[in-house]
Amino acid sequence: MENLKQSILELITDTSTNLPPDVRRAVNAAKVKEDLGTRAALSLSTIAENVVMAEENVSPICQDTGMPTFEVKTPVGVNQLIIKQAIKEMIAEATKTGKLRSNSVDSLTGENTGDNLGPGTPVIHFEQWEEDEIEIKLILKGGGCENKNIQYSLPCELEGLGKVGRNLDGIRKCILHAVYQAQGQGCSAGFIGVGIGGDRTSGYALAKHQLFRKVEDVNPNADLAALEDYIMETANQLGIGTMGFGGNATLLGCKIGVENRLPASFFVSVAYNCWAFRRQGVRLNPETGEILRYLYKDEEVAMDLTPVAAADETDDEPREVVLQAPITEEQIRSLKVGDVVIINGEMHTGRDALHSYLMDHDCPVDLNGGIIYHCGPVMMKDHEGEWHVKAAGPTTSIREEPYQGEIIKKFGIRAVIGKGGMGAKTLKALNEHGAVYLNAIGGAAQYYARCIKKVNGVDFMEFGIPEAMWHLNVKGFAAIVTMDAHGNSLHADVEKTSAERLAQFAAPVFK
Ligand SMILES: O=C(O)C[C@H](O)C(=O)O
Ligand code: SF4
């Protein structure tokens, strides 16, 4: 097994940095579905560019490299302990070289282990099989989309859809609702794996397992194949679109599996995966551990980089405004939902640990007129001790909803950058204190890392790399105003219209 470790490291690196061909085909097809010049089409363009950059730089597609989850199958006689040890060592190695973000956090103390190892991480499932080769599959599913997983216990009642019975039509309603409730927060357009039956634990495991099916494969069960087709057709009529900006491409894949259940239980479990659908697999020689072939590399697929809107093709080109930090209240009040802003100057990262801390502490830097970026980057230190950004896309902002309004007020913040939008409390604070919410493209971690010209400093390293407060000098950082200082929220609008559309699918479809 002299090649085992190298093979596992290659698998981890490839999974994190190189989007598989079936996923690329789905993203390319989504771009064709969107109208030229729309926010959704522009976002898909950025996503495509980001995928190319990640492959070229051999760097993470998204900064959240997720919970590494391995599914390993071994022939009888192969020592699984050796494989387990090699996986752990190579996870730590890939973290050291910036292919993975340090993502393993002690749930009680909040301490980041720094090497992606700890109780429960990485996740490794072993199985024995009759075949001669070793198979290792890996999925890197980020936390933002993981948070949008949902489990339904039937029968139930769902707003807009009415009664949900223990039958195929009830399952249909749950899946549509699952896509609706994710909105853009799990970095739509997304993929879903659905598990029907099982118990609460095995139902979710089944749902996640469906994500290992190729995007294009057809369900062998005719009823489920019909349901998958129906969901693909219908979910894309909800109008949520890429990043929840509205649009025609909301769901890129739907795979449904079924297991038996207990008489008292009927679960429908849905695993939501963002567009940055990073999963790969290899077959290994059981003697040497060398890679015989990859499982999800049927052909090379280039990302569609054709421009979505030439300047003269659309009449209502979004207004582009250049902002230099610190920003004045007057500048902020002149912005409207839909404007594109290009930011130059300093911004500060801050996410869950920082927001909670700032509620009852001072801030080490002056945030007056400043910009907070909801971001947990991948960072590397060079030999001179200087920090470099390896990946830096936005994180889901709604988690900071309990704090954001008060933090804006307390520190005089003028702009909050994140993804997925925020709620009514923040919208009110934006209006009262003269601030805006800017949506960056989730998952576009290479695209944004390129805009960061210098790391000015860092505070709160004790929170761990993703949660620390990084002070970043940026140039040409583009984002879209999706909540302005006048009470307008694109997110509230899309949520309302998609809820209305969801309700149109209440009538029974399957017997
Ligand atoms: O943790 C992150 O950086 C992002 C997360 O995956 C999210 O989608 O919110
Ligand atoms: S930021 Fe978006 S693309 Fe990245 S892991 Fe989270 S949900 Fe996925």
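**Ligand 1.** I began with Gln63, where a polar side-chain atom lies 2.8 Å from an oxygen atom of ligand 1. I count a polar contact as a pair of N or O atoms within 3.5 Å; within protein, one must be able to donate a hydrogen and the other to accept it, and residues adjacent in sequence count only if both atoms are side-chain atoms. For Asp64, I found a polar side-chain atom 2.6 Å from an oxygen atom of ligand 1. Thr395 has a side-chain N or O atom 2.7 Å from an oxygen atom of this ligand. I then listed the surroundings of ligand 1, which include Arg101, Gly143, Gly144, Arg351, Thr396, Arg399 and Lys419. A residue is listed if one of its heavy atoms lies within 4 Å of the molecule.

**Basis.** This is a predicted model, in which local features need pLDDT of at least 70 and side-chain atom pairs count only at pLDDT 80 or more, while totals for chains, interfaces and linings use all residues. Residues are numbered from 1 along each chain as its sequence is written, chains are lettered from A and ligands numbered from 1 in the order in which they are written, and side-chain values use heavy atoms, with hydrogens and water left out.

**Confidence.** I noted a mean pLDDT of 96 for the protein chain, with 98% of its residues at 70 or more; pLDDT is the predictor's confidence in each residue, from 0 to 100. For the complex, the predictor gives an ipTM of 0.99 and a pTM of 0.97.

**Ligand 2.** I found 14 residues around ligand 2, and the closest are Cys62, Gly142, Cys187, Cys274 and Arg278. Sorted by class, this shell holds 6 nonpolar, 5 polar and 3 charged residues. In this sorting, Ala, Val, Leu, Ile, Met, Phe, Trp, Tyr, Cys and Pro count as nonpolar, Asp, Glu, Lys and Arg as charged, and the others, Gly among them, as polar.

**Trp275.** I placed Trp275 in the loop between strand 9 (267-273) and strand 10 (278-284). Helices (H or I, at least four residues) and strands (E, at least two) are DSSP runs, numbered from the N terminus. Trp275 counts as buried because its relative accessibility is 2%. Buried means under 20% relative accessible area, exposed over 50%, partly exposed in between (1.4 Å probe, protein chains only).

**Arg279.** I looked next at Arg279 in strand 10, which counts as buried because its relative accessibility is 0%. Its side chain reaches the backbone oxygen of Leu211 at 3.0 Å and that of Arg213 at 3.2 Å. Beyond neighbours within four places in sequence, the contacts of Arg279 (heavy atoms within 4.5 Å) include Thr15, Asp22, Leu138 and Tyr296.

**Gln151.** I located Gln151 in strand 4 (residues 150-153); Gln151 counts as buried because its relative accessibility is 17%. A polar atom of the Gln151 side chain lies 2.9 Å from the backbone oxygen of Arg200. Leaving aside neighbours within four places in sequence, I also list Asp199, Tyr204, Phe267, Val268 and Ser269 among the contacts of Gln151.

**Cores.** I define a nonpolar core as a set of buried Ala, Val, Leu, Ile, Met, Phe, Trp, Tyr and Cys residues joined through side-chain atoms within 4.5 Å. The largest nonpolar core has 112 residues, of which Ile192, Ile231 and Phe477 touch the most other members. Helix 6 (residues 168-182) gives the most to this core, with 9 residues. A second, separate core of 23 residues includes Leu11, Ile83, Ile136 and Leu140.
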